[in-house]
Amino acid sequence: MSVQLRNETASPISPLLSTSAPRWIWLQLLEACNLRCKMCYEWGDNGAYKERTMLTQLDIKVVKQIIEDCSPVKPYYDLFGGEPLMYPQIDEVLAALKYYGSQVAFPTNGTLLEKHAEMIIENEPHRVWVSMDGPEEINDQQRGKGVFKRATRGIEKLHALREEKGKEFPKIGTIFIITPLTYMHVEELFFKSLDITKLDHISLEFQSFITPEDHVNYRNILKNNFDLDTNAAVSKGFVRELSEFIEMNAREIARQVRSIEEYCKEKGVYFNAYPQNMTEETVELYFSGNSHKLAHAKKRCEFPWLSTEINARGDVTSCHAFYDLTLGNVNEQRLLDIWNGPKYKQYRNYLKKNSFPICQACCLNFKTKTEK
């Protein structure tokens, strides 16, 4: 397919300047999703999007402009939603990124993977992450009836097409969210329910959450430091009571994680964990609301100088999935003007010396390497 992109008034960017443009860009292409996964901070039991009467998506022209403007530094891209494969122009986005030589990854619930497999193989994204949370019965309790079968068919078709066409990419991975429902079933998914030989990557991730107290403290910081009086509705989707996690068996979680990690090391499969080093102590601290005590939790965040995120409404921030504090809007300004603008400067200055109460719910808070 042809890639039609604009060049008018694009600002030149020096690839040698580390802060001239973001090196990692997250694009929330749309808010809509075809599932209602229980733990999801967008559409789940506590989801921030459930009461929205109108859903939005990024204008494809704006997406292409962002890709073109930032192309000299070839940022790494993460696409998400909602469900990114529901975005009507997903093929154009992937084609534009391929054209400009940027690597891209995206997560998917897998239900549309079989349908789009040919298009994905053609555009060769770097990684496709399929969300799966246990054997069929458990996965479908958390994600919806029939989801497991559709996701496994999608993985099988994507893998078969990649091998048939002799392509290296996309690498195929699964994301397993460890929750009170799923934590006993990690090994069962990978060793009994999936053809693990078709996976290049495995990511084990704790359910993201903040406490009600964290949410109140975050609202106060926005009001006192950024003159933003808000109910912080987006971050409210992450709020959970600690009592929800009290029955989780830390020793068993740590044992199963070690088992998967050892398998990956033996077979040469890329292994990722959020937080990293999932020991029994890590599990206990995290799910008791004390993740700030983890040795590998960040004291300060470097990502405001490295990455940016644009949500489906065009709002820009550097806090992944937290859109209550907006630094600009790409429907009104070019991304690089926002990136180098006064609101971003104020935001960075605050985070030079502080962190937010929401940081414990961010996967990047436990990322000790900048490898994508």
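Is leucine 30 buried or exposed? Select it: leucine 30 is buried, with a relative accessible area of 3%. Buried here means under 20% relative accessible area, exposed means over 50%, and partly exposed is in between (1.4 Å probe, protein chains only).

This is a predicted model, in which local features need pLDDT of at least 70 and side-chain atom pairs count only at pLDDT 80 or more, while totals for chains, interfaces and linings use all residues. Residues are numbered from 1 along each chain as its sequence is written, and side-chain values use heavy atoms, with hydrogens and water left out.

**Stop 1: leucine 30**

Stay on leucine 30. It sits in the loop between strand 1 (24-28) and helix 1. Helices (H or I, at least four residues) and strands (E, at least two) are DSSP runs, numbered from the N terminus. Leaving out residues up to four places away in sequence, leucine 30 touches Thr56, Gln57, Phe80, Gly81, Gly82, Glu83, Pro84, Met86, Tyr87 and Ala312. Contact means heavy atoms within 4.5 Å.

**Stop 2: the nonpolar cores**

Select Leu27, Leu79, Ile178, Phe190, Leu204 and Phe356. Of the 97 residues in the largest nonpolar core, these touch the most other members. A nonpolar core is a set of buried Ala, Val, Leu, Ile, Met, Phe, Trp, Tyr and Cys residues joined through side-chain atoms within 4.5 Å. Zoom in on leucine 204. Its contacts, not counting residues up to four places away in sequence, include Phe176, Ile178, Phe190, Val257, Phe271 and Met278. A second, separate core has 23 residues, among them Trp26, Cys33, Leu35 and Ala105.

**Stop 3: helix 7**

Select residues 212-226. Helix 7 has 15 residues and reaches 21 Å from its first C-alpha to its last. That is close to the 21 Å expected at 1.5 Å a residue, the expected span being 1.5 Å times one less than the number of residues. Colour its buried residues: Asp214, His215, Tyr218, Ile221, Leu222 and Phe226. Seen down the axis of helix 7, they fall within an arc of 120°, so they line one face of the helix. The arc is that of the directions from the helix axis to the C-beta atoms. An α-helix has 3.6 residues a turn, so residues three or four places apart point the same way.

What do the buried residues of helix 7 pack against? They pack against helix 8 (233-236) and helix 12 (342-353). Just after helix 7, aspartate 227 takes a positive phi of about 55°.

**Stop 4: salt bridges**

The count comes to 16 salt bridges. A salt bridge is a side-chain nitrogen of Lys or Arg within 4 Å of a carboxyl oxygen of Asp or Glu.

Select arginine 334 and aspartate 69. They form a salt bridge, with the closest N and O atoms 2.7 Å apart. Arginine 334 lies in the loop between strand 9 (316-317) and helix 11 (335-339), and aspartate 69 lies in helix 1 (residues 60-70), so the pair ties together parts that are 265 residues apart in sequence. Arginine 334 is partly exposed at 24%; aspartate 69 is buried at 6%.

Next, select aspartate 200 and arginine 162. Their closest N and O atoms are 2.7 Å apart in a salt bridge. Aspartate 200 is in the loop between helix 6 (186-193) and strand 6 (201-206), and arginine 162 is in helix 5, 38 residues apart. Arginine 162 counts as buried at 5% relative accessibility.

**Stop 5: two polar side chains**

Select glutamine 142 in helix 4 (residues 136-143). Its relative accessible area is 3%, so glutamine 142 is buried. Its side chain makes a polar contact with the side chain of aspartate 133 (2.7 Å). A polar contact is a pair of N or O atoms within 3.5 Å; within protein, one must be able to donate a hydrogen and the other to accept it, and residues adjacent in sequence count only if both atoms are side-chain atoms.

Finish on threonine 152 in helix 5 (residues 147-164). Threonine 152 counts as buried at 13% relative accessibility. A polar atom of its side chain lies 2.9 Å from the backbone oxygen of lysine 149. Threonine 152 also touches Met132 and Leu194, not counting residues up to four places away in sequence.
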